[in-house]
Amino acid sequence: MTFPEVRLRRLRRTESLRRLVGETTLAPRQLVLPMFVREGLTQARPIASMPGVLQHSRDSLRKAAAEAVQAGVGGLMLFGVPARRDEAGSGGTDPDGVLNVAIRDVVAEVGDDTVVMGDLCLDEFTSHGHCGVLAPDGSVDNDATLACYAEMARAQAAAGVHLVGTSGMMDGQVGAVRRALDGAGHTGVGILAYAAKYASAFYGPFRDAVESALTGDRRSYQQDPGNAREALREVALDIAEGADIVMVKPALPYLDVIASVASTVDVPVAAYQISGEYSMVEAAVANGWLDRDRAILETLTSIRRAGAQIILTYWAVEAIRLLRASY
Ligand code: PBG
């Protein structure tokens, strides 16, 4: 018999005790809301596979962005869905392309009251749906893609973005984008690097959200789900190339990766709770199988506990409402 007797339940007895000893905080400022804007819409429309998430029109995006900022989100990550696509993904680099226009709109609306981010990738804009341009043999051409990303970065920066989110998983993309930004005088625009991004089945609903034309998969550029150590190489390279923040994506199936990245690097670490993570909870809730509020907060708390200090989540505004209600 040991003395004193170990009684861990002592600190779990009341809500106040539990709150006092809680290890993990979740704050509104840590949550970033991804938003979709679709060219040519006159009003927002629902995304079938992501109940509660919308494809916005220009006007509805401005309004929803202002509301999210009012709610207290830490930032907004913008995705553009063009009306037309081509081989080169030129809608992404065109200053009048849907995403660049949306960045200008949102920055005009919210200014520096939040952090406005743009997804820097070609997949929403290419007719084949890949994250880069294709070589004659049909493979994704790494270095030709870097030139497109450089131009896209300059366009987003000119539109007023605070951070560009390099999400294409091309080698050297962070360095190419940093050089492009600096060369154009945009030294103050930062890079949120999707550093460890896995070839995941959980992107399914996103492909619906951006009406992706992809057939096939992204395994020749995104990471193999089984590789954890490789994530540290990706992250180290991105930091060496100038990443200001590194991100792991998806989040919940990769908590071990988030934890090892967070314990290894000294830049802020973000995680992206992606479309499929959102939709699987919403689908279970719709069936009456999960308590929605608790499931949302538990997933976000787990991602924080693993070590991400910033979380991109479609529940950002919802979660802030839940957090405020729980105090
Ligand atoms: C690339 C990009 C993707 C997502 C964010 N940026 C798609 C992909 O890599 O296939 C997925 C986000 C989500 O699933 O919520 N532009």
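Two strands count as paired if DSSP finds at least two bridges between them, and strands themselves (E, at least two residues) are DSSP runs numbered from the N terminus, as are helices (H or I, at least four). With that in hand, 7 bridges join β1 to the parallel strand β4 (residues 75-81).

A quick word on the source: this is a predicted model, where local features need pLDDT of at least 70, side-chain atom pairs count only at pLDDT 80 or more, and totals for chains, interfaces and linings use all residues. Residues are numbered from 1 along each chain as its sequence is written, and side-chain values use heavy atoms, with hydrogens and water left out.

| Strand paired with β1 | Sense and bridges | Bridge partners |
|---|---|---|
| β10 (residues 310-313) | parallel, 2 bridges | L31 with I311 |
| β4 (residues 75-81) | parallel, 7 bridges | M35 with L78 |
| β3 (residues 54-56) | parallel, 2 bridges | V37 with H56 |

Strand β1 itself (residues 31-38) is mostly covered, with 8 of its 8 residues buried. Buried means under 20% relative accessible area, exposed over 50%, and partly exposed in between (1.4 Å probe, protein chains only). In a regular strand, side chains alternate between the two faces of the sheet. In β1, L31, L33, M35 and V37 point one way, while V32, P34, F36 and R38 point the other way, and all are buried.

Now for the surface. V21 sits in helix α1 (residues 15-21) and is partly exposed, at 38% relative accessible area.
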